[in-house]
Amino acid sequence: MTLDQHLLQTLIDIYPNTVSFESFSKHYTCSKDDFLEAGRILQIKDYPISHTNNHFYLTIPLISEAKLNRLTKNTKTHHPFIVKEAIPSTNTFALNSFSSFEEGSVILAHHQTKGKGRLGRQWSATMGKSIALSLVLRPTIDSQSLPLFTQLTAAALCQALKAYGDTQIKWPNDIVLNGKKIAGILIESQFQENQLEGLVIGIGINTHLEHEDFEDSLLHKATSLKIETRQIVDPNVIIADFLTVFDQFYSDWLKTHKTYPFISVCKKESALLGKEIHVFSPNEPPKAATVKDINEKGELIVHYQGHAQLTPLQSLDFSVRNSQNGYI
Ligand code: BT5
């Protein structure tokens, strides 16, 4: 590891305390100039680091492998954590080396530089101010059950984020707080010779983003926990809480094949049930509909204007938007 990486690790481990040259140089042989240069490198890399009287400190907590291991030592599944500095996409990273990751591995990045959304869209993130997480799973399921993973993940994430406000789920994959998107889910599958090898469950959560971190086009529909609560949150606690709820829903589902426990959360916390929406599917004009239900397969049941019957929508093919042109 380079000196700046050692300094980063120390800052992460002792957050919110400061690191002085005197304490740092007890563990890592370096001159004071080397120490100051290491801090400067971290600042150039955009880490949320500040200094006072030759002490460095982090202004917000960052992802800490040690803390995550402590917080998840009692989860149902073992979760090895892989924390990267900056990578284009944690999902792409997980998919590219899929066979090297064991079941339950969680890939995280301090900075995800080219995050992916659904249907070719983009997911934006700022160094240290967002959670980018990819969970590797190898379930033995048929591919028809794939959309259920989005609903299971949404239910777990919505519950884990309840500690910060009245979060809701905007089917199929958005978590919203006070009417704006706070987190998104992208599930990708890995096939080998037409056989489903596994899944990567990608989650992006806006933790400490400020208004100026969002592009203008996102300001009306995106928000962060910091903007909504004005508080510093601990990403490690959020990740551990999410994994705890996820593991519970997932292990129960594998055992019982019943989707009710998480679908009922999706219904209870739905931002769309009963609402007038527009349904968008590729190469078709948007269609007006009313949301009636979410069924046990995780499909959104809508009533299209002028249709006699209800129509189930599968999450892979559609996105939906409020009829009043708002986000929800
Ligand atoms: C999503 O897609 O919401 C899925 C986001 C998944 C991101 C995670 S991060 C870890 C893993 N690795 C990846 O590369 N991706 C996953 P979708 O429903 O298609 O929403 C994308 C749309 O949300 C964009 O077109 C923007 O309008 C908006 N958006 C982009 N960045 C946002 C942000 N940070 N906060 C809120 N909205 C955002």
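Is K32 buried, partly exposed or exposed? In this predicted model, K32 has a relative accessible area of 35%. Residues count as buried under 20% and as exposed over 50%, with partly exposed in between, so K32 is partly exposed.

K32 belongs to helix α3, which covers residues 32-44. When neighbours up to four places away in sequence are set aside, K32 touches F21 and N54.

In S89, a polar side-chain atom lies 2.7 Å from an oxygen atom of the ligand. In R121, a polar side-chain atom likewise lies 2.7 Å from an oxygen atom of the ligand. For Q112, an N or O atom in the side chain is 2.9 Å from a nitrogen atom of the ligand. On its own, the ligand has 790 Å² of accessible area, and the protein covers 93% of that area.

Apart from neighbours within four places in sequence, R121 is in contact with G115, K116 and S319. R121 and S281 stand 160 residues apart in sequence, and their C-alpha atoms are 14 Å apart in space.

L148 is placed in helix α6, which comprises residues 146-161. Its relative accessibility is 9%, and therefore L148 counts as buried. Which residues does L148 touch, not counting those up to four places away in sequence? The residues are W253, T259, F262, I263, E296, K297 and G298. For one of these, E296, the separation may be stated in two ways: L148 and E296 are 148 residues apart in sequence, yet 8.7 Å apart in space from C-alpha to C-alpha.

E269 is found in a loop, between α9 (260-268) and β13 (276-280). At 10% relative accessibility, E269 is under the 20% limit and so counts as buried. Leaving out residues up to four places away in sequence, E269 touches C158, K162, T167, Q168 and I169.

## Cis peptide bonds

Where are the cis peptide bonds described here? One joins Y15 and P16, with omega at about 5 degrees. P16 lies in the loop between α1 (3-14) and β1 (19-20).

Another cis peptide bond joins W171 and P172, with omega at about 0 degrees. P172 is located in the loop between β9 (168-170) and β10 (174-177).

## Positive phi angles in loops

E193 is not a glycine, although its phi is positive, at about 45 degrees. This residue sits in the loop between β11 and β12. Is E193 buried or exposed? Its relative accessible area is 78%, which means that E193 is exposed.

R230 also has a positive phi, near 60 degrees, and is a residue other than glycine. The position of R230 is in the loop between α7 (225-229) and α8 (235-256). Because its relative accessibility is 52%, R230 counts as exposed, the limit for that class being over 50%.

Definitions and conventions. Residues numbered from 1 in each chain as written. Predicted model: local features only at pLDDT ≥ 70, side-chain atom pairs only at ≥ 80, totals over all residues. Heavy atoms only, no water. Helix = DSSP H or I, 4+ residues; strand = E, 2+ residues; numbered from the N terminus. Buried < 20%, exposed > 50% of the residue type's maximum accessible area, 1.4 Å probe, protein only. Contact = heavy atoms within 4.5 Å. Polar contact = N/O pair within 3.5 Å; in protein donor to acceptor, adjacent residues only side chain to side chain. Areas by Shrake-Rupley, 256 points an atom, 1.4 Å probe, with all protein chains shown as cover.
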